[in-house]
Structure formats: structure tokens, C-alpha cells
Amino acid sequence: APFERKAQELYPELETTAAVAKLSEDLAEVRELATQDVFRPLDENIRSEVRARLASLSKKTNLRVVIRVEGNDLERQQIAKELIEVLAASGIKVVTGDPLLVIGPQRPPVEVYLHEGDDPIFKELFGALKPLWNLRTFPVFYATDLGPGEIQIRLYQTPVFTADGVMEFTL
């Protein structure tokens, strides 16, 4: 078979069965790398963990989250939809804001805007969302046009996705 011949050609030091297994692993890794920029839904275990973390927050605060996305990028739209589903399933009020149009220098992957004095709510919210993304730092701004308990999340960059749907942004 052609697959076995190619495996033997690439891995002559291995027996045929081992060479085929190695080639199969290599192809799976290539497929993973080639499709990492395509949206992947979040693994149900991670989704459940995040919902559980958010449930306690929704019970003790009147939080309202607005998700805004730059442009019409399909992956960012799907991320926003998934964020909305996870937040709403936890009892948090969440809406999609107007799309963002950015002219000028490149923005960071994510920006957050909140009402001054809402730092504790913000910290708890982003602590609960931590399993969703590999995002160590992002700018946070106080916005005078947001009321108490209102947080706006702005997505400017399309991340790559791990096999379990976790978002990895590049800074």
C-alpha cells in the first residue's frame, strides 16, 4: 500500500507497523497545526467549569456584559457567540454590542472597559473566564459611559485554538 511505502521511506529504522503509526501521528500533528486558526467549540468539561465559576458571580451581582467584535471576522463572531452562550447559561445578562471599526495602530487582542469601582466584579469575572483563553495580560479602561456592573469586552484579534477549543492570543 502507498501509505506503508511512504512510512517505510520516511522511517526506515522502524518496522512497518511502527512506521505507519509514526506517520499517522505526524499527519495528525500537521492537521492540528494547519487548522488551529479555525474556530473550535470549547470542550464541554471546560465549558461546565466556567459556567460553575460564573454561577456564583451571577447570584451576587447585577452584572451586564457587552461583547463587541472588530470587523466581520467569522472566527471572532463565533467566539462572541460562544462567550454569550456561556455567560447567559450562567445567569449573567449579556448582549452583543455594535461591531468595532479600527483605523490606526493595531489593537491588543482583547480590551476591557468597566465602570470605575467595578474592579472586584471584573477580577471575579475574568478569573471565572480564565479557562477559556490563554491571555495573561490585556488593557483595562474605566469608561464613564458604562453604568455600575456593566463590563464591555472588545475582541480585536482572532486567536488560534487548541484541540479543546481554548483560545490562544498572540501579543
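What follows is a walk through the fold of this predicted model, from its overall form to a few of its side chains.

Starting with the big picture, the protein has five helices and eight strands. Read from the N terminus, the order of elements is α-α-α-β-α-β-β-α-β-β-β-β-β. The radius of gyration comes out at 21 Å, well over the 16 Å that the globule rule gives for 171 residues, so the protein is more spread out than a compact globule. The C-alpha trace tells us its extent too, with spans of about 65 × 40 × 25 Å along the principal axes. Of the 171 residues, 40% count as buried. As for contacts with a separation of 6 or more, 79% of them come from residues 24 or more positions apart.

Next comes the sheet. Five strands make up an open sheet with mixed pairing, and their order is S2-S1-S6-S3-S5. At the edges stand S2 (93–96) and S5 (140–142); each has a single partner strand, so one side of each is left without a neighbour in the sheet. On average, and with direction ignored, neighbouring strands here are turned by 20° against each other. Strands of a sheet pair through backbone hydrogen bonds, in either a parallel or an antiparallel sense. For S1 (residues 64–69) and S2, the sense is parallel, and four bridges join the two. Val65 is a handy spot to look at, with Val94 in S2 as its bridge partner.

Two helices go with this sheet. Helix H4 (residues 74–89) lies across S1, S2 and S6 (150–155), and it runs at about 170° to S1. Helix H5 (residues 119–129) also packs on the sheet, where it touches S1, S3 (110–114), S5 and S6. The direction of H5 makes about 45° with that of S6.

Now for the aromatic side chains. Searching the whole structure turns up six aromatic pairs. One of them is Tyr113 with Phe141, a stacked pair with 4.9 Å centre to centre and 25° between the planes. This pair ties together distant parts of the chain, as Tyr113 sits in strand S3 and Phe141 in strand S5, 28 residues apart. Tyr113 has a relative accessibility of 13%; anything under 20% counts as buried, so Tyr113 is buried. Phe141, at 33%, counts as partly exposed.

Another pair, Trp133 and Phe169, is edge-to-face, with 6.3 Å centre to centre and 65° between the planes. Here too distant parts of the chain are linked: Trp133 belongs to strand S4 (residues 133–134), while Phe169 is in the segment after strand S8 (167–168), 36 residues apart. Both residues are buried. Trp133 and Phe169 also belong to a cluster linked by ring pairs, along with Phe122, Phe126 and Phe138.

Leaving aside neighbours within four places in sequence, Gln157 is in contact with Arg76, Gln106, Pro109, Phe169 and Thr170.

Terms used: Residues numbered from 1 in each chain as written. Predicted model: local features only at pLDDT ≥ 70, side-chain atom pairs only at ≥ 80, totals over all residues. Heavy atoms only, no water. Pairing = 2+ DSSP bridges. Axes fitted to C-alpha atoms, helices over the stretch in contact; angles between N-to-C directions. Contact = heavy atoms within 4.5 Å. Rg over C-alpha atoms; globule rule 2.2 N^0.38 Å. Buried < 20%, exposed > 50% of the residue type's maximum accessible area, 1.4 Å probe, protein only. Phe/Tyr/Trp six-rings, centres within 6.5 Å; stacked < 30°, edge-to-face > 60°.
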